[in-house]
Amino acid sequence: MAFLRTPDRRLPDGTMTRVFPFHISMEGMESVLLCRDEEDFDHLEKTFYLSAWKNNGLTIMEIAMSNHGHTCILAPDMQAALKTGEMIKKRHSQYLSWKYSEKSILSRSSVDIRYLDSDWYVRNVLAYIPRNAEDSNCRIEDYRWSSYRGMFVQGRCEAPVKRVSALSIREMRATFRTHEDLRPVPWLINIEGGIEPASACDWEYLESAFNHEQAFFLKTIGSVNKSEMVQQLALNRRIRHTDTEMLAIIANLADKWYRKTIVDLTPEMKAKLLPYLYRCYRTTIPQLARCLQLSREIVRSLVPSRKRPALPQEVPES
């Protein structure tokens, strides 16, 4: 069966609806880490799942690192994805403030939400996330704080495990540090109290993205351009580029997409490049007009509005 990037899923609220893939990243700071010990890593991982579930989304894959974290979710619209990102930062910030008695501990950290608008984008993001384990000088399959081990096991978990729904209210609060009623979730926890990703991730979506072939998944992990993913997922929206830098970016895309220089781009080619540049880079309408030699009115008519989050029907089709 062919991969369907925007499938129908039954969401936590019980409704069956079309969902869209989003990548959410949270960056720490040089002076403040997101995770300092195993308890912190465990909390951030559970926060990924809780935040998606609370905002009617489903987790596909995640990883918790000392100074950043990534999760890929399926959500019914951009608003749900934005709320998920906000909740991740709020919950983990409150936890760190409580544990280390430091106020506004993550006030200057940033959360970025990116809609994954192509099959290529989805596959590369899902391969890029577990590859982050290499930053800890650890083999991907040995990294503990990642959902990688829940992939290509057909939803099976290593015994012994316990259903979250079987926990007492006190156990639930101690394990997840929340007052939310988690009895409806299908998740399992291991003897250490850690969440089992095979029970909490939409592993069927990930496996379908790679044609249900683990070899395809591993090959993509090995070949994904990590620098390109870091640029697109973590840096582009946080860094303001000069005109010279933006011209270099456009020149690279023009060559990659069309095998042409900027000067040789047709109006139709520019029209296809503009939404991508505006969505993926911290740029402006005037800068794009200058770099592509177009009027501001034309650029404004071709780029998506940033004034409000996209509604479900506004998410572009594949």
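Modeller: Happy to; by contact I mean heavy atoms within 4.5 Å. Please bear in mind that this is a predicted model, in which local features need pLDDT of at least 70, side-chain atom pairs count only at pLDDT 80 or more, and totals for chains, interfaces and linings use all residues. Residues are numbered from 1 along each chain as its sequence is written, and side-chain values use heavy atoms, with hydrogens and water left out.

Let's start at Gln-287, which lies in helix α11 (helices are DSSP runs of H or I with at least four residues, strands are E runs of at least two, and both are numbered from the N terminus). Gln-287 has 4% relative accessibility, so it counts as buried (under 20% relative accessible area is buried, over 50% exposed, and in between partly exposed, with a 1.4 Å probe and protein chains only). Leaving aside residues up to four places away in sequence, Gln-287 is in contact with His-241, Thr-242, Asp-243 and Met-246.

Two of those neighbours lead further. Asp-243 also joins Arg-290 through a salt bridge of 2.8 Å, N to O (a side-chain nitrogen of Lys or Arg within 4 Å of a carboxyl oxygen of Asp or Glu). This pair ties together distant parts of the chain, 47 residues apart, with Asp-243 in helix α9 and Arg-290 in helix α11, residues 285–292. Both partners are partly exposed: Asp-243 has a relative accessibility of 29%, and Arg-290 a relative accessible area of 42%.

Helix α9 (residues 243–258) packs against helix α10 (residues 267–280) at about 125°, and their axes are 11 Å apart (lines fitted to C-alpha atoms over the stretch in contact, with angles from 0 to 180 degrees between N-to-C directions). That angle makes α9 oblique to α10 (under 35 degrees is roughly parallel, over 145 roughly antiparallel, 65 to 115 roughly perpendicular, and the rest oblique). On the α9 side the contact is made by Met-246, Ile-249, Ile-250, Leu-253, Trp-257 and Tyr-258, while α10 supplies Met-269, Lys-272, Leu-273, Tyr-276 and Leu-277. Sorted by class, these residues comprise 10 nonpolar, no polar and 1 charged (Ala, Val, Leu, Ile, Met, Phe, Trp, Tyr, Cys and Pro are nonpolar, Asp, Glu, Lys and Arg charged, and the others, Gly among them, polar).

Now for another helix pair: α1 (residues 38–54) and α2 (residues 78–100) cross at roughly 145°, and their axes come within 9 Å. The α1–α2 contact has 9 nonpolar, 5 polar and 5 charged residues.

As for charge pairing, the structure holds 19 salt bridges. Among them, Glu-141 and Arg-139 meet at 3.2 Å, N to O; Glu-141 is partly exposed at 43%, whereas Arg-139 is exposed at 51%. Lys-162 pairs with Glu-171, their closest N and O atoms being 3.9 Å apart, and here Lys-162 is partly exposed at 36%, as is Glu-171 at 35%. Elsewhere, Asp-37, Glu-39, Asp-40, Lys-99 and Arg-177 are linked in a salt-bridge network.

Finally, the whole chain: it has 12 helices and 8 strands, and 51% of its 318 residues are buried. Of its contacts with a separation of 6 or more, 70% are between residues 24 or more positions apart.
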